[in-house]
Amino acid sequence: MERLKICMVSDFFHPGLGGVEMHIYQLSECLIQRGHKVIVLTHKRGQRQGVRYMRNGLKVYYLPFLPFHDNCTLPTFLSFFPLIRKVLLREAVDIVHGHQATSNLAHECILHARTMGYHTIYTDHSLFGFADAACIHVNKLLKFFLTNVEHCVCVSHTNRENLVLRAALNPINVSVIPNAVDTRRFQPDASQRSKKPWVTVVVVSRLTYRKGVNLLVGAVPEICRRHQHVRWLIGGSGPKQLLLDEMIERENLHDRVELLGAVPHEDVRKVLVRGHIFLNTSLTEAFCIAIVEAAACGLMVVSTNVGGVPEVLPPHMTKLAAPRVDAVVEALEDALLSLPPPEAAQSVHEEVEKMYSWQDVAERTERVYREVVLKPSIPLRERFLRFLRVGPVSGKLFILLVALDTLLCWFLDWWQPREEVEMAWDSPAWRPFEAVQANGFLD
């Protein structure tokens with residue numbers, strides 16, 4: 001089939017750590033293995049700027065845009081256009097694929113790409129509310145930017161319902177493609193667990209309010225009081241770490257709770273295999289890759305029953321609890337009483353391997369790409385009219401913004417015609433190691 005050229009865009013990418021970052025990297029790698037060309041656009045991080053190449057030929061543009069808040073670039077709407085235009089033309093992309101609602105770079109790149117006539121797709125990774133001021137602002141902007149998108153992808157059915165309501169989308173244009181996990185990297189190893197009677201509860205998470213650190217701080221001392229044989233292994237860093245430090249000092253739990261600090265993703269498996277139970281106390285989750293990684297390592301999962309979490313794992317692998325301290329404690333006690341034998345870890349791993357595969361995610365995403373590239377382009381007048389649905393006042397403001405974006409595109413096409421832009425060198429399509437070796441390219 002025809003090779004596609006795909007541009008992934010987000011403010012969240014390596015060396016940052018998180019579900020969005022891993023999703024983009026793993027999906028890009030699998031799409032390259034399927035014969036497509038993939039590049040990633042993100043902003044610079046410290047000394048990491050310019051063009052970098054990652055494994056299997058993944059090309060990353062660390063653009064010279066400064067992060068403004070929470071690793072997101074400052075919204076400018078038009079000033080990024082000249083550089084983004086040159087990158088898209090140099091790479092001759094077919095599809096621009098933006099990720100995450102809070103990524104300003106993704107939304108602006110989608111806006112400019114649509115103005116230039118490229119096909120656009122957006123993947124949503126988070127749930128947002130409808131009542132507080134911040135969510136209302138994000139939802140209004142999302143409604144505007146997604147008017148430029150031909151198809152949306154969500155990581156769970158709960159996420160899909162949330163996005164359709166927030167952005168007033170036609171559900172037929174929104175697909176559900178879950179996250180996955182590289183089960184080759186997350187293998188169980190029961191020999192690393194603490195010996196009886198000790199039971200280790202593992203937590204690996206960003207220590208923020210959204211991840212439910214307040215619930216964790218309440219549950220840890222209560223479980224330690226009721227069960228003298230339980231130890232805790234907590235990995236992660238964030239603004240709420242001080243609460244954990246204070247709890248350990250106040251309850252004198254230095255010998256029962258081990259704080260690991262930030263854990264690089266390549267070391268997460270080493271932490272997980274030391275535990276019997278994995279605890280997730282998030283207050284909101286669209287999918288939660290962490291619990292899939294934990295289950296792949298053979299751990300019993302205890303999680304708050306929020307967002308898309310109930311969709312992720314079957315009941316025999318996870319215990320769900322309401323986002324309250326007493327409910328989390330009760331679910332942990334239930335898990336302590338029903339721990340599977342160590343030899344069951346491998347069968348759980350094999351079950352997770354069948355359920356979640358990045359190759360399957362890449363195949364389903366490619367199917368969406370194939371459908372989108374067949375869609376005809378819409379005339380400029382119809383594109384303007386679509387923005388009226390955003391709101392009686394804001395819609396007209398957004399029409400003005402898109403008109404300015406179109407005029408700037410015309411000016412740039414006159415100033416530097418597209419045919420004068422130097423094309424980038426394309427690395428050879430990915431081939432399996434065995435094929436490369438068979439052709440004599442490796443000794």
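Guide: Two strands pair here if DSSP finds at least two bridges between them, and helices (H or I, at least four residues) and strands (E, at least two) are DSSP runs numbered from the N terminus. The model is predicted: local features need pLDDT of at least 70, side-chain atom pairs count only at pLDDT 80 or more, and totals for chains, interfaces and linings use all residues. Residues are numbered from 1 along each chain as its sequence is written, while side-chain values use heavy atoms, leaving out hydrogens and water.

Visitor: Which residue in β16 stands opposite Thr-304?

Guide: Strand β15 (residues 300-304) runs parallel to β16, joined by four bridges. Opposite Thr-304 stands Ala-321.

Visitor: How far apart in sequence are the parts that the pair of Phe-144 and Phe-387 ties together?

Guide: Rings of Phe, Tyr and Trp (its six-membered ring) pair if their centres lie within 6.5 Å; planes under 30 degrees apart are stacked, over 60 edge-to-face, and the rest tilted. This pair is tilted, at 5.3 Å centre to centre and 45° between the planes. Phe-144 belongs to helix α4 (residues 133-145) and Phe-387 to the loop between α14 and α15, so the parts they tie together are separated in sequence by 243 residues.

Visitor: Is Phe-144 buried or exposed?

Guide: Buried means under 20% relative accessible area, exposed over 50%, and partly exposed in between (1.4 Å probe, protein chains only). Because its relative accessibility is 0%, Phe-144 counts as buried.

Visitor: Which ring has the charged end of Arg-231 over it?

Guide: A charge sits over a ring if NZ of Lys or CZ of Arg is within 6 Å of the ring centre and within 35 degrees of the ring normal. For Arg-231 the distance to the centre is 3.8 Å, and the ring belongs to Trp-198.
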